[in-house]
Amino acid sequence: MGRAGGLCKAAFERKADMELREENLEGIEEEQEDIPAAASGSLRRLIQRRIMKELEVRRSISDEELWELIDREVLEAGKERFVPLKEKMDLRIRLFDSFRRLGILQELVDDPQVTEIMVNGREQIFIERGGQVMQWDKCFDSEEQLEDLIQQIVSRVNRMVNVSSPIADARLEDGSRVHVVLPPIALDGPAVTIRKFPEPITIEKLIQYQSLTAEAAQFLKVLVASGYNIFISGGTNSGKSTFLNALSAFIPQEERVITIEDSAELQIQQVPNLIRLEARNANGEGEGAVTIRDLIRAALRMNPDRIIVGEVRSGEAFDLLTAFNTGHSGMGTGHANSPTDMLSRLESMVLMAAELPLAAIRSQICAAIDIIVQLGRLRDRSRRVLSIAEITGITQGEIQLHPLFSFQEEVEDEEGEENGPYTQKQGRVEGELVLVGQITRKEKLQAAGYQL
């Protein structure tokens, strides 16, 4: 809240406490019951309208002045009807959030245990907490309130969403990813999905969470430092962006790094010579779009040592492979259920940009990408590194994958007996990433002076 907000809060509490003491005790006892949720919501909307009229006159107002204005209006409302002190404190916070932050969603954004917020229209809000999805017990007062919040979010990152352009990606100040779909595309009202990144996840934390082993982490550290081109694949919500961000901490500090993303999420801290690029959608007239492909081509003219692409979805795969094949190191991510599927998807995405023979595309992939790291989300909702594989070459027209690490699950039950083929093991999935092979393409290791 800040020092100014804290001082206003303390002064407010003292003043409100004095008012309560002056009330007739008998009257207080009769009205001490909690205000129903509907009455509390209507009071908040009433005060909101009063404050909005004041803001229209003043046009600009600091956070400290807004706190003072809210305190004054809440106290005035308390003279018209009895409002317990706890309700007043909740009112002032929610009012400030509605003008300066994210309204009722701010409580969820501030909760470190909540990793995803899913708004399905104004009446249904679902959250993911501790890997479990549940419905939240609060909702928006009106669809207009939800739409105002959406416009507030997208306008902060110079994005636009409306009936003619009903889909948009944005981000919050803390780096959380926001996806918006408006009616008429969303049939049941505006849909907002917020993927939170409350704090940067380091490799050390991933080891602590048992997402990978210390041995595999050290192996990847050497590969990143040596300039190997690494592609991270996995299904939706498997932790690709989080893992890419953690892996980028191994990039040598002296390198010049360019990151390219749809919505900026990467938080590279240790590299001073860093340029962050973000794609831009077209404006209302359909002009001014800047795509991932445009940014990759621009990055090649900026003397990068390493190019990192947040996610490869379509024709930009061709540009990324071209960049990797012209001497640039880099990393990227893509959606796939296995390393083999990722190779097939890369082939399809290159064909979206250029009509090349399949043999030529496979040759480019083989020359450009050295390592594929496969992530997955297991039945206990944990995110794990499932495999690390090396691309070794082409045999009989097919790209060959050489497994280096593989996740091996423990298959014994509590009695020490193996589970039958139709028995589902309950609880946390136990297992670890096991070394299963040695890297064969060691040219970059030797050039960088490393050994494995």
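A: The lining of the largest cavity divides into eight nonpolar residues, no polar and no charged ones. Here Ala, Val, Leu, Ile, Met, Phe, Trp, Tyr, Cys and Pro count as nonpolar, Asp, Glu, Lys and Arg as charged, and the others, including Gly, as polar. The model is a predicted one, in which local features need pLDDT of at least 70 and side-chain atom pairs count only at pLDDT 80 or more, whereas totals for chains, interfaces and linings use all residues. Residues are numbered from 1 along each chain as its sequence is written, and side-chain values use heavy atoms, leaving out hydrogens and water.

The lining consists of Phe231, Val312, Ala317, Leu320, Leu321, Phe324, Leu346 and Ile369. A cavity is a set of points on a 1 Å grid over the protein atoms alone where a 1.4 Å probe fits but cannot get out, and its lining residues have an atom within 4 Å of a point. Helices (H or I, at least four residues) and strands (E, at least two) are DSSP runs, numbered from the N terminus.

Another helix, H9 (residues 214-226), has 13 residues and reaches 18 Å from its first C-alpha to its last, close to the 18 Å expected at 1.5 Å a residue; the expected span is 1.5 Å times one less than the number of residues. Among its buried residues are Phe219, Leu220, Val222 and Leu223, where buried means under 20% relative accessible area with a 1.4 Å probe and protein chains only, exposed means over 50%, and partly exposed lies in between. Just after H9, glycine 227 takes a positive phi of about 90 degrees.

Turning to the strands, six of them form an open antiparallel sheet in the order S3-S2-S1-S6-S5-S4. Two strands pair if DSSP finds at least two bridges between them. Strands S3 (132-135) and S4 (167-171) are the edges, each pairing on one side only. Within this sheet, neighbouring strands are turned by 15 degrees against each other on average, direction ignored; axes are lines fitted to C-alpha atoms, for helices over the stretch in contact, and angles run from 0 to 180 degrees between N-to-C directions.

Strand S1 (residues 114-120) contains valine 114, which is buried with a relative accessible area of 0%. S1 is joined to strand S2 (residues 124-129) by six antiparallel bridges, and valine 119 has isoleucine 125 of S2 as its bridge partner. These two strands form a hairpin with three residues between them, and glycine 121 in the turn has a positive phi of about 80 degrees. S1 also pairs with strand S6 (residues 191-195) in the antiparallel sense over five bridges, glutamate 116 having arginine 195 of S6 as its bridge partner. Elsewhere in this sheet, five bridges join S4 to strand S5 (residues 177-181) in antiparallel fashion, and alanine 168 is the bridge partner of valine 180 in S5.

Technical notes
1 Å grid on protein atoms, 1.4 Å probe; cavity = no way out; pocket = protein on both sides within 12 Å on 5 of 7 lines; lining within 4 Å.
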